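User: I am learning to read helices in a protein model, and I would like to go through one with you step by step.

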Amino acid sequence: MADTAEAPQRSVRVVLFGLMIAMLLAMLDNMIVGTAMPTIVGELGGLEHLSWVVTAYTLATAASTPIWGKLGDMYGRKGIFMASIVLFLIGSALSGMAQDMGQLIAFRAIQGLGAGGLIVGVMAIIGDLIPPRERGKYQGMMAGVMAVAMIGGPLVGGSITDNWGWRWSFYINLPLGVVALFVISAVLHLPKKRVQARIDYLGAILLTISITSLVLLTTWGGKEYPWASVQIFGLLALGVVALAAFLFAETRAAEPVMPLHIFHSRNFSLISVIGFLVGFVMFGALTFLPLYQQTVQGASATNSGLLLLPMLLSMMVVSLIAGRVTTQTGKYKIFPIIGGALITAGLLLLSTMDTGTSRFVSGVWMAVLGAGMGFLMQITMLIAQNSVEMKDIGVGSSSSTLFRTIGGSFGVALFGSIFVDKLQDSMTARLGNAGAAVGGGSGQMDPKSLAKLPEAVRDAYLHAVASGTHSVFLWGAALSVVGFVLAFFVKEIPLRGGPAAKAPEDKDGEQEVMAAVEAF
């Protein structure tokens, strides 16, 4: 009897191993490729199109995420997830074979289309296999994958580029992807679905246009075009019109790509906004913390992932503890509240950093921020999935992921504008009009170039970067207060899988989960 009971658990762990590899592929890719970019430009040329190597991937990922989630709900999770892995691997192989920058950008878009299905597929399959009440114990694994990607990505990317060449930054995905495909194919057994309704092509197209416009707006705003330019306002107008048309189309579609009824749940709507704010603040912090440490504290760019270790380690440990407590007690409302408070406190502490702040002190402040993220990162997905019926678990997962992604895009763009404005103001105040031109006015200056500056200019530049990061973290703290307040309004609905878990009702979905477990 004990062996019989343990068999499903062992099989779930094997499936989770394959899912974690797939998730690692999606999260690790940009970290590795980012380190190889200087070498890629040196061989392929096309420096003026460099940003599109990242933008094409990000754009395709964001636009395809909700579509992958809906396809999984309609036609079955396993086949759709494996298709996304195959598409990602095709894009990886083609990217490694690119002969010019144009080809690389196109192949990165293909890779991004596949990546859109990786993370949402992982989350949705876990939602299918593991009841929310039991899901908390696996949260530490999710946070661990993120920590490995953030810390190991730059190190692995640098090592691969130096020893094997930049093309292996893409080829390295192939063996990992094959292992994930083999494990998922051999061990994962989920009930097959077949929905007769037509795919909501109109909704998918309109949503893609809206997402594309918003991502391009945040990518180009303040960089390619001024924020007040015709191009940026045009993208904003296109995004808003497409979004309004999408909402109208979804009310008429037989099988909408994003059913609007999921937003009737107060918890789902609240947690979507909180997820947007978490993405906004988190990606902003991950962008400007390494910049501060490399520029002001003189840290090596190669080891930039290690500099984030205090934040990522505390995030992983806290996420694991919160998950265990959730599993044992079924209580979760307190965690978004504590997380919002700690994120606000962490950002306020980080805003106090100046040119004299030691790495130890900044590490402690990062640990506070990481603890806040640990209380929120996986709990937001847990609440989102518990707020929808089992038949909508895919769109629930993809919507939650999408809001966090869009929040991250806005965070990086708006925080970037705040940083540059403050940097230029500080340089101008210290050195006059000529000071704003140092470093191209962007704050992006490597340690070698910084060392060549006259002492007075270098000192002014370091103070300007510290001033810019101060403003970024201060604004981030102000925004995180909104998430903290919203967390109080989350209702603690019993988690499915617990003794009192009856909401939301979905007997067909519960039978599917039981069939999946029995299949092991």
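Analyst: We shall look at some helices, at how they cross, and at a few residues within them. This is a predicted model, in which local features need pLDDT of at least 70 and side-chain atom pairs count only at pLDDT 80 or more, while totals for chains, interfaces and linings use all residues. Residues are numbered from 1 along each chain as its sequence is written, and side-chain values use heavy atoms, with hydrogens and water left out.

User: How is a helix defined here, and what span does H15 reach from its first C-alpha to its last?

Analyst: Helices (H or I, at least four residues) are DSSP runs, numbered from the N terminus, and the expected span of a helix is 1.5 Å times one less than its number of residues. Helix H15, residues 359–386, has 28 residues and reaches 40 Å, close to the 40 Å expected.

User: Where is the kink in H15 centred?

Analyst: A bend at a residue is the angle between axes fitted to the seven residues ending there and the seven starting there. In H15 there is a kink of about 30°, centred on Ile379.

User: Is Gly374 buried or exposed?

Analyst: Buried means under 20% relative accessible area, exposed means over 50%, and partly exposed lies in between (1.4 Å probe, protein chains only). Gly374, which is found in H15, has a relative accessible area of 0% and is therefore buried. Of the 28 residues of H15, 21 are buried, so this helix is largely enclosed by the rest of the structure.

User: How do H14 and H15 lie relative to each other?

Analyst: Axes are lines fitted to C-alpha atoms, for helices over the stretch in contact, and angles run from 0 to 180 degrees between N-to-C directions. Angles under 35 degrees count as roughly parallel, over 145 as roughly antiparallel, 65 to 115 as roughly perpendicular and the rest as oblique. The axes of helix H14 (residues 334–350) and H15 come within 8 Å and cross at roughly 150°, and the two helices are therefore roughly antiparallel.

User: At what angle do H11 and H16 pack?

Analyst: Helix H11 (residues 266–295) and helix H16 (residues 393–431) pack at about 40°, with their axes 6 Å apart, and they are therefore oblique to each other.

User: Which helix holds Gln293?

Analyst: Gln293 has its place in helix H11, and at 2% relative accessibility Gln293 counts as buried. Its C-alpha atom is separated by 8.9 Å from that of Ser362, although Gln293 and Ser362 are 69 residues apart along the chain.
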